[in-house]
Amino acid sequence: LERPAVSDQTADYDRLLNKLGRDDLIIHPRDLTHYPAMLRNNNFAVTATLKDNRIISIEPGNTTDQLYGVAFDIGTTTIVGSLLDLNKATVLAVAAETNPQNIYGADVISRITHASQGEDETKQLQGKVVEAVNKIIHNLLRQTHIARDRIYEVVAVGNTTMSHLFMGIDPTYLAPAPFIPAYSTALEVEAAALGIKINPSGRVVFLPNIAGYV
């Protein structure tokens, strides 16, 4: 970016938007906390990581070669995570954990029954799967020595019950006929909102389901 001057008093963030040629971008205020000092300590050279209209991260220098994501299969019995280099579309490491929701039942009906008791019980099940996902991410980072903040996206798949529980959504009406899910579309949330330990502004996407159990 061009350095500010008395003749150019554009705000630091506006200077970035101008350079990107975008005025529709959204950023979380926490990601601007260290931005002014970062610019001045790095000769006004930074890398912005974008997804759609969001700025996920602003980093010092050129970090374009460090772009990672994790793909998860949230199984009723086992959770598997694969760390991917998103620049090269290659898998760098794989790790798995037993789904710790099994303490509330081995099958989806048992877990739906537990969740149907109330919001606290639904959160218990969500907490267990988030705990396992974070454990897998920690394992993947340990294998590859990649910085946690360089993981910008998690994409997950699973059966409809696992999808609801991962997002902390009441799955009660999946069990009785006519087996209606609360939603079937893809859902996207900020990693920090779910407690997923990647870049806090990174995105977590659960792919859509097509039926009550599929």
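Ile74 is in contact, meaning heavy atoms within 4.5 Å, with Ile79, Val129, Val133, Ala156, Val157, Gly158, Asn159, Met162, Phe166 and Phe206, leaving aside its neighbours within four places in sequence. The model is predicted: local features need pLDDT of at least 70 and side-chain atom pairs count only at pLDDT 80 or more, while totals for chains, interfaces and linings use all residues. Residues are numbered from 1 along each chain as its sequence is written, and side-chain values use heavy atoms, without hydrogens and water.

Ile74 also belongs to the largest nonpolar core, which has 34 residues; Phe72, Ile74, Phe166 and Ile196 have the most contacts inside it. Such a core is a set of buried Ala, Val, Leu, Ile, Met, Phe, Trp, Tyr and Cys residues joined through side-chain atoms within 4.5 Å, where buried means under 20% relative accessible area with a 1.4 Å probe, protein chains only. Helix H4 (residues 119–144) supplies the largest share of this core, nine residues. Helices are DSSP runs (H or I, at least four residues), as are strands (E, at least two), numbered from the N terminus. Another core, of 11 residues, lies apart from the largest one and includes Leu25, Ile27, Met38 and Leu39.

In helix H1 (residues 12–20), the buried residues are Asp12, Tyr13, Arg15, Leu16 and Leu17. They pack against strand E1 (26–27), helix H2 (35–41), strand E2 (46–51) and strand E3 (54–60). Just after H1, Gly21 adopts a positive phi of about 70°.

Methods:
Buried means under 20% relative accessible area, exposed over 50%, partly exposed in between (1.4 Å probe, protein chains only).
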